[in-house]
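Visitor: Please show me the model, and then let us go through it by question and answer.

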Amino acid sequence: LSTKLDLNARLFKDRYLTLLASYSYFDRIKNTFFVDLTTLEKTLTANTYDQDTSSFDQYLVRAEFSKSTSTSPFNYQLGVDLNYENGFGKRMLNKAQSIGDYAAFLSLKLQPGARMILQPGLRYGINTNYKAPIVYSLNVKYDPMESLSIRSSFAKGFRAPSLKELYLEFVDVNHNIRGNENLEAENSHNVNIALKY
């Protein structure tokens, strides 16, 4: 089951609101039977691993408010990003786990002159399992002449492991997936410089 709400609205002359909300639910019931082929009577197998019900549900809300116009030297985008996920069943560590990731972000687009664009960004997040750092970025575009363009960017990255990467255990004849609750979050720095002529 998956439901989604997607809303885009123009509030003022150059102000916009974007809203994305979704809910998804996955449920899997596994039962293994012995079947007596003479009477067609079914009985559940005695092995508890042969019987399993797993379910996952996820809530996602992303809301953005922005000012965007090509004639202004100052534009912006700010918003929130909320994500919460639950998992239940024998395949989950302790039969039930959840993880939440909540963030607020801000991005500016500054044009101090006809030949330069600066775009700084900032994101502050809270993860229920990991300490999330403040994530930042800076993009610069400079056109020293009409046929020459220089772009550079610097950004910090952060990624926390997902619920399934941490807690899901799914082992059968075709699969060997084992979550690792000791996984660490990923941190990165990214630098790009490009020259176009």
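This is a predicted model: local features need pLDDT of at least 70, side-chain atom pairs count only at pLDDT 80 or more; totals for chains, interfaces and linings use all residues.

Guide: Residues are numbered from 1 along each chain as its sequence is written, and side-chain values use heavy atoms, with hydrogens and water left out.

Visitor: How many helices and strands are there in the protein chain?

Guide: Helices (H or I, at least four residues) and strands (E, at least two) are DSSP runs, numbered from the N terminus. From that end, the elements run β-β-β-β-β-β-β-β-β-β-α-β-β-β. The count is 1 helix and 13 strands.

Visitor: What radius of gyration does the protein chain have?

Guide: The C-alpha trace spans about 85 × 35 × 30 Å along its principal axes. For the radius of gyration, taken over C-alpha atoms, the globule rule is 2.2 Å times the number of residues to the power 0.38. A compact globule of 197 residues would be near 16 Å, whereas this protein chain has 25 Å.

Visitor: Which element gives the largest share of the lining of the largest pocket?

Guide: A pocket is an open set of points, on a 1 Å grid over the protein atoms alone, where a 1.4 Å probe fits, with protein on both sides within 12 Å along at least five of seven lines, and lining residues have an atom within 4 Å of a point. The largest one has a volume (the space filled by probe spheres set on the points, which are joined across faces, edges and corners) of about 370 Å³. Its lining has 22 residues, of which Asp 101, Asn 127, Phe 158, Arg 159 and Ala 160 are the closest to the centre. Two or more residues each come from β6 (74–88), β7 (96–113), β8 (116–127) and β10 (148–159), and the largest share, 5 residues, comes from β8.

Visitor: Is Pro 161 buried or exposed?

Guide: Pro 161 lies in the loop between β10 and α1 (163–167). Not counting residues up to four places away in sequence, Pro 161 touches (heavy atoms within 4.5 Å) Ile 99, Tyr 130, Leu 166, Leu 183, Glu 184 and Ala 185. The classes are buried under 20% relative accessible area, exposed over 50% and partly exposed in between, with a 1.4 Å probe and protein chains only. Because its relative accessibility is 5%, Pro 161 counts as buried.

Visitor: Why does Leu 78 count as partly exposed?

Guide: Leu 78 belongs to strand β6, and, leaving aside neighbours within four places in sequence, Leu 78 is in contact with Ala 63, Glu 64, Phe 65, Phe 105 and Leu 106. The C-alpha atoms of Leu 78 and Phe 65 are separated by 5.4 Å, although the two residues are 13 apart along the chain. Leu 78 counts as partly exposed because its relative accessibility is 38%.

Visitor: What value is phi of Leu 40 near?

Guide: Most residues other than glycine have a negative phi. Leu 40, in the loop between β3 (33–36) and β4 (41–44), is exposed, with a relative accessible area of 60%. Phi of Leu 40 is positive, near 60°.

Visitor: And what value is phi of Lys 95 near?

Guide: Lys 95 is placed in the loop between β6 and β7. Lys 95 counts as exposed, at 55% relative accessibility. Its phi is also a positive value in a residue other than glycine, near 70°.
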